[in-house]
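Please look over the structure shown below with this short briefing beside it.

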Amino acid sequence: MNRIARAQLLTAVAVLLAVTAATFPPARPLVVLLVSMAAPVATVYGVVRHRPGAWLRWLLVAVMLGLWAASTVVAAVDGSASALAAGLVVAGQAMGTVLVAVLFVRRGPRPSREDGGRIARLGRRTDAVLLGCVLGLVVAQLAQRTSGDGPAAHGWLDLVPTVDLLLAGLLVRFLASRSQLTTSCVLTVLAALTTITYDMLVTRTGTRVPDGENPLTIVWVLAACLFAVAPLHASMRTAFASATLERRRTESSRLLGLVPLAAVPAGLYVLGRTEGGISLPAWCYVCVELVVAVLGLLRGAQAVRSSEQRAERDPLTGLANRRGLARAFDAAQEDGPGSVRIVLLDVDDFKQVNDTWGHDAGDALLCEVGSRLRAAVGDAGVVARSGGDEFVVLLRGDQRAPYRVVSEVFDQPFDVVGHARRVRVSAGVAQVTAGSSLAHVLADADIALYAAKGDGKGMTTAYTADLRERVLGRLALVNELTRVLDGEKDAGSLVVHYQPLVDLNSGSVFGCEALVRWEHPTRGLLAPDRFLGLAEEHGLAARLDRWVLDAALAQLLQWDRAGLPELRMNVNLGRSSMEHPRLAQRVIAALSTSGIDPSRLHVEITEHHELPPEAGVAALKLLSEHGVGVGLDDFGVGYTSLDYLRRYPIGVLKLDRSITRPLEAEQSSPLLEGIVGLARSLGVSVLAEGIETPAQRDRLAALGIAYGQGFSIARPMPPSALERFLRAGTPVQEPALG
């Protein structure tokens, strides 16, 4: 039986017992006895079964219920032992009072300065004073009732209604002030409130020990059923845990929670007048009620002020948000803009931090960046977080001030999950002029930021008029690329050129690499470095990679039908493709559609991009099992080469041209010899890129490098040119690229 079924069964049993007690008075004594004993037994069973973290608090509940169960047993066995039964009831209530005190006084997390901490602390002190006034009135009334001035008939049970009134106010306050309480915790609190209701209803009956004679005992049956069901729910593991109790509701909800406490003085006055007229003078209740009212108004003002401050603060970093920045900007305009600048900063490659170490590490990094910015800016400006990994600084000073702040903050490494990591930032700077709006200045800073990222990231760029045209041109290019991928002919067309891959020993061509180009209607033939970065930045790279894969496989099929030798096709995969959840399925589907044997396809990943630890791992392993080859492109220019060799099923190392270029002038290269030895020990083939001269080609072959590509062999060329090259062995020059 699953948990839902068990919960439904227990609820049905509880309802059945309550209905039985209500409709069959003869069965009521037995039902009262059963549910009274079941409640503590169920609590102990829940502690043993679920092993909650706050087990001591649950044991307090079990002792409380056990005392009440014992009172019903004593009353049922020996009706003359009513004093003992009543004492057990009071002892149980004392245990409940201790438990409520433990829950209510539990402190929440210490508020930060940035999150309106001073106001929050003042609010808590106000709550404490308000509670102290109410509690003092309760103690005074209890002292009055137990003093010798009152009637002699006052026993311990006469104190129960007064304590119940206070406990009810505290419990309602608890429900109103805590958020995300578990089901088990809520059921327990509701059971306690139902018990208090029972106590208040039987005030005039002379006994509070549950029995079968009083119809009001049905209320106790309901309370005991709730007490029994609560610990059996799986959420009791964390019901009274400190982390659960420290989750506070919003200020408005907590303010409403003061209403039950504010009603306690009036309730005490009515209670005192209805029970023998034993109460304090009326002015005591009036004074306490006035104090509570004043404190309530003060608490409301504090809540409003706290809400106003939080409305201007970023909840994660405590920095100003857009609204707080707007207030600071208006103040700067009133004082005269002078040498005020807006600096818009964006943490470069922040997504990699989230993907590699998790969002908690990313949040910690953002908080550290915000803290350093605030320290670097000091009294010279205001630091805001506009969302995500973007920060805005309103800064006074000369034109070099933004550069000094960026340098001071980002020159030193950051601690990311125990690792010292350099963090780069791109920044755009815009001047605040008289009469300019925040939106206008932010737009200028955004353009400068976009230009900084386009220049290679890690740059700080000041806004100038020509940047707008430049940035708008890049954005227009992105829009046109989107239209090309959507099949709109007026935006031009994508084409694939192919660069031969050769055996350096025999000179024979065994394959080619697919390289995308864009035939733009007005800009001519665009090289990939003109648009691949934009595609990656704007979420188009995975679509582009898929288009190239489909085109390359279709071209292989066309060459096969033309009678050319079977070639191997190398296709590049960018970061977005590696992170795509259906990478393997897409490649396998493309192979199936084209009918090309998987062994003729090689996918290449580059170490220019630092990929998250799990990105593409399962996909490339699955593709490798299907026969698809995997190569590591641009080997030697990144800092994750060895990690990639361990992580992915690499079969080919493609040496970056910066590694092979020295052999144009030198006879040997110890670095290349070491790489070849490493590849040989790993059982990995080596392909050299960027072969520019025949001498370089011969020296690479002499080092044991089997394969290569480069301009001295053949440039990338259209499909028809490659076909002529293969048939005649004559290289065809690629058209000039824009």
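In this predicted model, Glu513 is buried, with a relative accessible area of 4%, where buried means under 20% relative accessible area, exposed means over 50% and partly exposed lies in between, judged with a 1.4 Å probe on protein chains only. Residues are numbered from 1 along each chain as its sequence is written, and side-chain values use heavy atoms, with hydrogens and water left out. Because the model is predicted, local features need pLDDT of at least 70 and side-chain atom pairs count only at pLDDT 80 or more, while totals for chains, interfaces and linings use all residues.

**Salt bridges**

- Glu513 meets Lys654 through their side chains in a salt bridge of 3.0 Å, N to O, the term standing for a side-chain nitrogen of Lys or Arg within 4 Å of a carboxyl oxygen of Asp or Glu.
- Lys654 lies in strand β14 (residues 652-655) and Glu513 in strand β9 (residues 509-520), so this pair ties together parts that are 141 residues apart in sequence; helices (H or I, at least four residues) and strands (E, at least two) are DSSP runs, numbered from the N terminus.
- Lys654 is buried as well, with a relative accessible area of 1%, and a network of salt bridges links Glu513, Glu604, Lys654 and Glu689.
- Glu692 forms a salt bridge with Arg657, their closest N and O atoms being 3.4 Å apart, and this pair links distant parts of the chain, with Glu692 in the loop between β15 (685-688) and α27 (694-702) and Arg657 in helix α25 (residues 657-660), 35 residues apart.
- Glu692 is partly exposed at a relative accessible area of 33%, and Arg657 is partly exposed at 39%.
- Arg483 and Glu488 also meet in a salt bridge between their side chains, at 2.9 Å from N to O, and a search of the whole structure finds 14 salt bridges.

- Strand β11 (residues 568-573) runs parallel to β12 and is joined to it by five bridges, with Asn570 standing opposite His602; two strands pair if DSSP finds at least two bridges between them.
- β12 also pairs in the parallel sense with strand β13 (residues 629-635) over five bridges, and here Thr606 stands opposite Asp633.

**The open sheet of five strands**

- The strand order in this open sheet is β2-β3-β1-β6-β7, with mixed pairing, and its edge strands, β2 (381-387) and β7 (460-462), each pair on one side only.
- Strand β6 (residues 425-431) and β7 run parallel and are joined by three bridges, and Gly428 stands opposite Thr461 in β7.

- The axes of helix α15 (residues 359-377) and helix α16 (residues 401-410) come within 9 Å and cross at roughly 135°, axes being lines fitted to C-alpha atoms, for helices over the stretch in contact, with angles from 0 to 180 degrees between N-to-C directions.
- Val369, Arg372, Leu373, Ala376 and Val377 in α15 meet Val405, Glu408, Val409 and Phe410 in α16, where contact means heavy atoms within 4.5 Å.
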